[in-house]
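Below is a short briefing on one chain, arranged by topic. Please read it alongside the sequence and the coordinates.

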Amino acid sequence: MATTLGRRLGVADVVVLGLVAMLGSGVFVVFAPAGAAAGPWLLLAVLLAAVVAGTCVLSTAELVLAGGARGPTFSAGYTAGYVAARERLHPVVGRLAGVTLLIGGVASAAAAAGVFGAYVLPSNPLVAGIVVIVVATVLNVVGVRTTARSSWLLAGGTLAVLVVVVVVGLLGPGGEETVSASVTAAGEARGVAVPVPQASPGALGVLSAAGLVFFAFVGFANVATYREEVRTPARTLRRAIPIALGVCTLTYLAVAGALLMGLGTDRVGEEHAPLVALVDTGQAPALGVLVRIGAAAAAGSTLLAVLVGISRTAMEMGAREDLPRSFAKVCGSGAPWRSDVLGAALAILVAVLAGPVASIALSACAMLLHYAIVHAATLRVPGRRTPAWVPAVGFVLCVGLAVLLPRTSVLITVGALLVGWGLAELSALRARHRPPAQQEEPPGERAA
């Protein structure tokens with residue numbers, strides 16, 4: 001999500017930009033599968049996911065401030081893990097980091113599209129999801145970007161909708177079985193090929209739920225993105241990170257608590273659009289329209305940002321010849337349109353095959369593995385400001401939560417990573433064996 005900000009961002013601006021990224025599509029759907037896994041311990045799972053997200057955002061900020069990412073745009077922070085792993089660990093590990101980021105982003109885009117469809121057109125969510133992916137891709141190709149002013153409006157609107165949900169959940173009748181406009185997760189959340197993940201019971205269920213809730217925090221990377229656009233970057237980021245993460249954590253705890261009280265432990269895991277089901281159960285069906293509008297806006301914003309991140313990752317990997325060089329080429333608007341089209345096509349494929357709930361599990365698994373690599377790269381930063389125990393603990397937590405996600409999701413993610421990693425290695429091998437005459441000169445040298 002690029003901006004038109006210049007070098008004027010303060011702490012409040014960075015906090016709002018981070019909140020817009022975190023308070024996206026995840027909060028509107030992730031508590032259904034997480035609630036099914038954790039049961040009455042859902043709040044504990046949210047706290048654990050927040051701790052993991054905290055270590056990840058600190059490591060990401062360390063890499064950004066250390067210069068592991070270059071450039072004043074969104075892509076600088078989004079690809080910091082890929083660039084740093086390639087330069088500080090090994091190019092092979094860097095390619096793995098890039099592939100995990102691409103797969104996590106594609107699954108996240110599919111999940112966001114699924115959330116949009118579930119809340120906007122519950123009778124046919126897949127069609128609505130595909131349409132919104134196409135529209136978001138066209139907007140990205142022509143160069144539409146989010147500004148600071150629109151971020152303030154979007155963050156305020158999303159928080160207002162969530163406040164309504166919390167109030168209805170806490171003050172409503174609590175767990176009554178009433179007719180709801182929300183369809184249950186058993187039907188519409190399932191894709192044509194990938195089943196809805198089944199969680200483990202007990203303590204393993206809480207850990208699995210924490211991994212799923214981590215999906216709702218993944219936008220935290222935006223807090224550390226704007227190094228080149230803030231006043232006094234180190235001080236601003238170190239102030240903005242705990243504020244944004246704290247506000248997001250408190251919001252998620254309040255929403256999770258309201259869902260448990262308003263719907264009951266069993267029903268939380270059954271609803272495909274749990275926030276709409278909550279306001280309907282609270283005998284305030286008119287508020288369902290407000291929740292659907294808020295979910296559509298949040299999911300659309302998330303989709304725009306994630307698709308930009310996918311295309312910029314593919315562009316960066318293409319520029320370093322870890323993917324075919326054609327993915328680094330840009331059109332008149334400055335967008336890498338081939339990468340944009342590739343990301344959209346893969347997101348549509350995952351949306352059809354997996355559905356939103358399975359897409360969340362796939363994205364969470366891939367992103368947890370990506371941030372495990374980020375932590376490993378952070379440990380190699382000389383003179384780092386973050387204590388070594390933060391990335392060390394974060395590495396263990398990320399790997400642990402990733403492997404404790406539902407088994408089917410882990411196996412599919414690992415299979416996709418092996419295929420993507422293999423293709424990246426083949427692309428790099430082909431680039432190394434290309435005759436010198438075919439090597440492209442940098443744009444600056446060609447101009448000279």
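Which residues are linked in a network of salt bridges? They are R86, R95, D322 and E425, where a salt bridge means a side-chain nitrogen of Lys or Arg within 4 Å of a carboxyl oxygen of Asp or Glu.

This is a predicted model, in which local features need pLDDT of at least 70, side-chain atom pairs count only at pLDDT 80 or more, and totals for chains, interfaces and linings use all residues. Residues are numbered from 1 along each chain as its sequence is written, and side-chain values use heavy atoms, with hydrogens and water left out.

**Overall fold**
- The chain has 18 helices and zero strands; helices (H or I, at least four residues) and strands (E, at least two) are DSSP runs, numbered from the N terminus.
- Of its 448 residues, 56% are buried (buried is under 20% relative accessible area, exposed over 50%, partly exposed in between, with a 1.4 Å probe and protein chains only).
- Among contacts (heavy atoms within 4.5 Å) between residues at least 6 apart in sequence, 82% join residues at least 24 apart.

**Salt bridges**
- The whole structure holds seven salt bridges.
- One of them joins the side chains of D322 and R86 at 2.7 Å, N to O. D322 sits in the loop between α14 (287–319) and α15, and R86 in helix α5 (residues 80–89), so this pair ties together parts that are 236 residues apart in sequence.
- D322 is buried, at 0% relative accessibility.
- R320 pairs with E316, with the closest N and O atoms 2.9 Å apart; R320 is partly exposed at 21%, and E316 is partly exposed at 24%.
- In the salt bridge of E321 with R325, the closest N and O atoms are 3.6 Å apart; E321 is buried at 17%, whereas R325 is partly exposed at 24%.

**Helix α15**
- In α15, 30 of the 42 residues are buried.

**Surface patch**
- V127, V131, V134, V135, V138, L139 and V142 form a nonpolar surface patch with about 540 Å² of accessible area together. Patch residues have over 30% relative accessible area and no salt bridge; like charges are joined within 9 Å, and nonpolar side chains (Val, Leu, Ile, Met, Phe, Trp, Tyr) within 5 Å.
- V134 lies in helix α7 (residues 125–142) and is partly exposed, at 43% relative accessibility.

Note on methods
Areas by Shrake-Rupley, 256 points an atom, 1.4 Å probe, with all protein chains shown as cover.
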